[in-house]
Amino acid sequence: MIRQHAYLNFNGQCEEAFLFYEKVFKVENIGIHRFKDLPKDPNFQIEEADGNKVMHTALVINENTMLMGSDCIESFGHKAVGGNNAYIMLDTDTAERAKELYNDLTVGNSTIEMELGEQPWAELYGSFKDQFDICWMIHFEGNKKM
């Protein structure tokens, strides 16, 4: 069996984003590991300003889906850049759950690409970028089975 999980990168907003996602998905974070907690290594020195940034965190959404994330450390040459080259696609079992996820995830400064509504391939579909520049698709196939 192969499971597919999403791993999200942020520029210092990982903890804020995952606290928001905890509310949306109604699950608790399984832990936050910070860069300051890494063993000291003279080859990879963490600047004091980056110590509290999130090295790794995760939410178990269900038995097959996990959302994971971390902050990027610019001094290591990493920087998260928002774009539309990848989306997290949430396929729901009910129209109500699709509407709930859409409404919850679009809170804040979201960019709506396609309002949640009926499409030729789905009873409900919508796409947007959330307040953390993460791209999402919400899908409920419903009566549009292929």
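**Figure 1. Overall fold of the predicted model.** From the N terminus on, the elements of the protein chain follow the order β-α-β-β-β-β-α-β-β-β. That comes to two helices and eight strands. Helices (H or I, at least four residues) and strands (E, at least two) are DSSP runs, numbered from the N terminus. The C-alpha trace spans about 60 × 30 × 25 Å along its principal axes. This is a predicted model: local features need pLDDT of at least 70, side-chain atom pairs count only at pLDDT 80 or more, and totals for chains, interfaces and linings use all residues. Residues are numbered from 1 along each chain as its sequence is written, and side-chain values use heavy atoms, with hydrogens and water left out.

**Figure 2. Helix α1 against helix α2.** Two packed helices are described by the angle between their axes and the distance between the axes. Here the axes of α1 (residues 14-25) and α2 (residues 95-105) come within 10 Å and cross at roughly 155°. That makes α1 roughly antiparallel to α2. Axes are lines fitted to C-alpha atoms, for helices over the stretch in contact, and angles run from 0 to 180 degrees between N-to-C directions. Angles under 35 degrees count as roughly parallel, over 145 as roughly antiparallel, 65 to 115 as roughly perpendicular and the rest as oblique. The crossing is right-handed (the near helix is turned clockwise from the far one by less than a right angle).

**Figure 3. Residues between the two helices.** From α1, F20, Y21, V24 and F25 meet R97, L101, D104 and L105 of α2 (contact: heavy atoms within 4.5 Å). By class, this contact has six nonpolar, no polar and two charged residues. Ala, Val, Leu, Ile, Met, Phe, Trp, Tyr, Cys and Pro count as nonpolar, Asp, Glu, Lys and Arg as charged, and the others, Gly among them, as polar.

Figure 4. The structure holds 10 aromatic pairs. One of them, F18 with Y21, is edge-to-face, at 5.7 Å centre to centre and 75° between the planes. Rings of Phe, Tyr and Trp (its six-membered ring) pair if their centres lie within 6.5 Å; planes under 30 degrees apart count as stacked, over 60 as edge-to-face and the rest as tilted. F18 and Y21 are three residues apart in α1, about one turn of the helix.

Figure 5. S110 is in the loop between α2 and β6 (111-119). The S110 side chain reaches the backbone oxygen of T106 at 3.0 Å. S110 also touches L105, K129, D130 and Q131, not counting residues up to four places away in sequence.

Technical notes
Polar contact = N/O pair within 3.5 Å; in protein donor to acceptor, adjacent residues only side chain to side chain.
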